Amino acid sequence: MLRLMQISLYPALLLLGAALASIPTAPSAVLLENNEVKVARALEKYQVVGKFHQHDMNRVMIYLQSGRQRFNYQDGRQPAVFDWKAGQVVWSPPSGMHSPEVLDHDFDIIEIELKTAGTDKAITGNLDPLKVDPGHYKLEFENPQVRVLRVRIQPHGVTPMLAYSTDRATIFLTDRNFRIKDSTGKVETVEHKAGDVVWETPIAQTEQNLSSQPFEAVIVEVKR
């Protein structure tokens, strides 16, 4: 059974809802794959009933647009209807043979399939984002395989020096136009579009939102 995670909204950043709603849908595709994860974009299409299938690995699901979806199960369970929200993050363990059906309009899901068993060891450190910058970084959920963070940075906002201590997939829910300065003093400007996904490795850095718009992303840290 899919388990939904609650998401809190910052009152000062309610305009993000309009930005998330503006992400266009795109075709299904494998976005990246390595020995830790397989990241795919799944286009869920209206009026197309999916074939019965099952997933054998735990996944993190990030919904890029809102949408309603019915799941039918082959093991006799009653159908379940889910009302997904744009930007919602869900932990999805294997749930048996199921057939999905979209009830209103097309939407995209970023699906992160986890290949490693993980560890019960917590992700932490002196410069951990949750410790040094709780105003921008919030915990979505954590389990033996992943820690999932949501970052929201106001227009022209700046973070302190912070460190990511493990490999991670970053899913951009808004456009990104950032100036990044790492612990060696190297400075670069980085841009991404809403809906992009990148794979990143451990680093210590400060981040500045160069845009006049708020920024939001989901960070899926993989435990090793």
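Residues are numbered from 1 along each chain as its sequence is written, and side-chain values use heavy atoms, with hydrogens and water left out. Because the model is predicted, local features need pLDDT of at least 70 and side-chain atom pairs count only at pLDDT 80 or more, while totals for chains, interfaces and linings use all residues.

Start with the nonpolar cores. A nonpolar core is a set of buried Ala, Val, Leu, Ile, Met, Phe, Trp, Tyr and Cys residues joined through side-chain atoms within 4.5 Å. Buried means under 20% relative accessible area, exposed over 50%, and partly exposed in between (1.4 Å probe, protein chains only). The largest core has 22 residues. V60, I62, I112, I171 and V220 have the most contacts inside it. Elements giving two or more residues to this core include β3 (37-44), β9 (107-114) and β18 (215-222). Strands here are DSSP runs (E, at least two residues), numbered from the N terminus. Another core, of 14 residues, lies apart from the largest one. I153, Y164, I180 and V198 are among its residues.

What does V220 touch, leaving aside its neighbours within four places in sequence? V220 is in contact (heavy atoms within 4.5 Å) with V60, I62, I112, V146, R147, V148, D167, R168, A169 and I171.

Next come the aromatic rings. Rings of Phe, Tyr and Trp (its six-membered ring) pair if their centres lie within 6.5 Å; planes under 30 degrees apart count as stacked, over 60 as edge-to-face and the rest as tilted. The count comes to eight aromatic pairs. F71 and F82 form an edge-to-face pair, 5.5 Å centre to centre, with 85° between the planes. This pair links distant parts of the chain: F71 is in strand β5 (residues 67-73) and F82 in strand β6 (residues 80-84), eleven residues apart. Both F71 and F82 are buried. F82 also pairs with W84, this time stacked: 4.9 Å centre to centre, 5° between the planes. W84 is buried too. Y63, F71, F82, W84 and F107 form one aromatic cluster.

Two arginines meet tyrosine rings. A charge sits over a ring if NZ of Lys or CZ of Arg is within 6 Å of the ring centre and within 35 degrees of the ring normal. The charged end of R77 sits over the ring of Y73, 3.9 Å from its centre. The charged end of R168 sits over the ring of Y164, 3.8 Å from its centre.

Now the sheets. Two strands pair if DSSP finds at least two bridges between them. Five bridges join β10 to β11. Within β11, R150 is the bridge partner of K138.

A further open sheet has four strands, ordered β12-β17-β14-β15, again with antiparallel pairing. Its edges are β12 (162-164) and β15 (187-192). Strands β14 (residues 176-182) and β17 (residues 203-209) are joined by five bridges. K181 has T206 in β17 as its bridge partner.

Finally, turn to the loop between β3 and β4, where H53 is found. Is H53 buried or partly exposed? H53 is partly exposed, with a relative accessible area of 27%. Beyond its neighbours within four places in sequence, H53 is in contact with G96, M97, H98 and P100. The C-alpha atoms of H53 and Q74 are separated by 9.4 Å, though 21 residues apart along the chain.
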